[in-house]
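The sequence and the coordinates are shown first, and the description follows.

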Amino acid sequence: MPSAIEVHGLSKHFGSVQAVNDLSFEVEQGRITGFLGPNGSGKTTTLRMLLGLVSISSGTATFGGRRYVELDHPVHHVGAVLEATSFHPTRRAEDHLKSVAIGAGIPLTRVDETLDLVGLTDVARRRVGKFSLGMRQRLQLATALLGEPEILILDEPSNGLDPQGIQWLRTFIRHQASLGHAVLVSSHLLSEMEETVDDVVIVSHGKLVLQTTLAELATKAGTTTGMRIRSPELGRLTALLQAIPVAYRQTAPDTLVIDGATPEWFGPFAAQNQIVLYELANERGSLEDVFLSLTHGFDAAVPSGPSTGEIGEFGAGPAAPGAPS
Amino acid sequence: MIAGIRSEWLKIRTTAVPWVLTGIALVIDGLLILVYFVSHDGNGGGGNGGGNGSFGGLDYPHTAQQLRNLLGAGFEGYLFALLLGVLIITIEFRHKTVTTSFLVLPRRPLFVGAKLITAAILGAVLAIIMLVVTLIGGGITLSADGGSFSALVHQIPAVAPGMILVFALFAILGVGIGSVLTNQVAAIIVSLGWFIILEGILVSLVHGAARWVPTGAATAASNLTRGRGADFGLFNWWQGTLLMLAYGLVFAALGSAILTRRDIT
């Protein structure tokens, strides 16, 4: 059985600008896939190519093996919430939904159902021009759900939603997956998605950086566990550390992070060498750190940022400029 | 396709476009009826011909041609049928609703096709509304003037088919233009610029151009000349219809081809 969504060797250039470059990934039925990358990394272009809105320069983007335009009644299979989609300001919410339902051969009873599902029943007769950003976002979601699609594509859906709205969206997405639907949801913030997604597809500069499960990504983050130490005697400490095979980096004039260290090991070590400590704490790399380092370190042309994001690059010697040695 | 047309009708009727255009067209229709009676001198056709402004007596319009001219007062509304066609498609780009429309109907020539048929129907409906209003308004004025309402009614078969056909053809041409020029302001300026200014200049400069330009083709299609189109250098009614339809469909085909390649970002 083919995957719900298959993207293979997908590329798009606008003139001389390469927006998407040989991108390949898959989205499985019944799973929520986070499509992650910084702004301008080609996420929206990729989603719009999938939906037949933007032409493909090369490669394929299919649903169960068929392109969007080849689907018999696309709205019945794929629901999409896209950025920069708009509504006619004088049109009432329910008329907007009716126009889509009629065009797609969906019974009009679905209009009330979807309005209810997204909590817009009370404003169904209101003109969309008077809607807030959050209400428009909900109306877009209602539009996507009209055809009861088994695949949902959501481009930055939490934009414009308040914290309650975002919480509601998470529950909603989880529910969709529990029905066996495939959900591809893009975001430029992993932290926003890490409670929701099963899989991640990370892109940067139009290229695939990594496709993995969230669990594996978490493991990756977990391996960066270390100790954060604040001490007035960093010079003596680093001299001692250089004698043993351990990676460390200096994050502030008086702070050091030692990779893979545990308090059980470092406590006695510091006592033995009579090093004064002001602070001794576990440091766990967050998913966001992994995400940032992946999307950031991926392109060599981009100058590297603060050392806190540079996982895997710290090592011998103090890292911070101007640090006492 | 039926679903597409029903959807298009719902979309356009939930904008101000058809109501405002019909309203303006009717106001102009009313003014033209008034002008017709005020300027009517009982000798020839209507319009601005006479100017004696005589009411009453035997001066009311009574010849077949006069009554047809009165009934055809709404003919000037063809430009509103054209604008209806232009707006039914460009409004989707103006308000970015085209994204949703293309998600529902990803084959873009079908999108243009649904617009063409919907606009043609709405153009025809606009013509019927104009005819009915003219019949009522003109008929009442005519009766007050001492004329015969039933004589006016008798001229409906001579005027209505051509007018309905021409309005539908102009609406189709409007969709064609709008599909090529999706920028609403540009499409309106180009359409009105052509029909109000450029076409007249072209016809006066180029001998024999009259039958080939859209207004010439539409005038032939209206058959108001009662088969004497050739006297005015025009095609006959079905040739005019085909030519006018060809203009609309060639633009629509070009627009469909352009839209198929267009990235909706």
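Against which helices of chain A do the buried residues of α4(A) pack? They pack against α3 and α5 (133–145) of chain A.

## Helix α4 of chain A

Helix α4 of chain A spans residues 109–117, and its buried residues are Arg110(A), Val111(A), Thr114(A) and Leu115(A). Viewed down the axis of α4(A), the buried residues fall within an arc of 135°, so they line one face of the helix. An α-helix has 3.6 residues a turn, so residues three or four places apart point the same way. On the other side of α4(A), Thr109(A) and Asp116(A) are exposed.

Just after α4(A) comes Gly119(A), with a positive phi of about 75°.

## Composition of the two chains

Chain A has eleven helices and 13 strands. Of the 325 residues in chain A, 40% are buried. Among the contacts in chain A with a separation of 6 or more, 70% are between residues 24 or more positions apart.

Chain B has eleven helices and zero strands, and its pattern along the sequence is α-α-α-α-α-α-α-α-α-α-α. Buried residues account for 46% of the 265 residues in chain B. For contacts in chain B with a separation of 6 or more, residues 24 or more positions apart provide 74%.

## Strands of chain A

Strand β1 (residues 5–14) and strand β2 (residues 17–27) of chain A run antiparallel and are joined by seven bridges. Within this pairing, Glu6(A) has Glu26(A) in β2(A) as its bridge partner. The hairpin of β1(A) and β2(A) has two residues between the strands, and Gly15(A) in this hairpin takes a positive phi near 65°.

Elsewhere in chain A, four strands form an open sheet with antiparallel pairing, in the order β11-β12-β10-β13. Its edge strands are β11 (248–252) and β13 (279–283) of chain A, each of which pairs on one side only. From one strand to the next, the twist averages 25°. Five bridges connect β10 (residues 226–230) of chain A with β13(A), again in the antiparallel sense; Gly226(A) has Glu283(A) in β13(A) as its bridge partner.

## Two individual positions

Leu241(A) is found in helix α9 (residues 234–241) of chain A. Why does Leu241(A) count as partly exposed? The reason is the count of its C-beta neighbours: there are 19 inside 10 Å, whereas a buried residue needs 20 or more. Leaving aside neighbours within four places in sequence, Leu241(A) is in contact with Val246(A) and Tyr248(A). The C-alpha atoms of Leu241(A) and Ile258(A) are separated by 9.2 Å, and the two residues are 17 residues apart along the chain.

Pro89(A) lies in the loop between β5 (78–81) and α3 of chain A. This residue is exposed, with 12 other C-beta atoms within 10 Å. Apart from neighbours within four places in sequence, Pro89(A) is in contact with Arg127(A), Val128(A) and Gly129(A). Pro89(A) and Ala252(A) are 163 residues apart in sequence, and 53 Å apart in space from C-alpha to C-alpha.

## Contact between the chains

How many residues does each chain bring to the contact? Chain A gives 29 residues and chain B gives 24 residues. On the side of chain A that touches chain B, the elements giving two or more residues are α2 (74–77) and α3 (93–104) of chain A. The most comes from α3(A), with seven residues. By type, the residues on this side of chain A divide into 14 nonpolar, ten polar and five charged.

## Confidence

The model scores ipTM 0.87 and pTM 0.82. Chain B averages a pLDDT of 88, with 90% of the residues scoring at least 70. Over residues 42–57 of chain B, however, the pLDDT is below 50, and this stretch has 31 contacts in the model beyond near neighbours in sequence. Where pLDDT is low, the predicted coordinates should not be read in detail.

Key:
Residues numbered from 1 in each chain as written. Chains lettered and ligands numbered in written order. Predicted model: local features only at pLDDT ≥ 70, side-chain atom pairs only at ≥ 80, totals over all residues. Pairing = 2+ DSSP bridges. Axes fitted to C-alpha atoms, helices over the stretch in contact; angles between N-to-C directions. Contact = placed C-beta atoms within 7 Å. Nonpolar A, V, L, I, M, F, W, Y, C, P; charged D, E, K, R; others polar. Arc of directions from axis to C-beta. pLDDT = per-residue confidence, 0-100.
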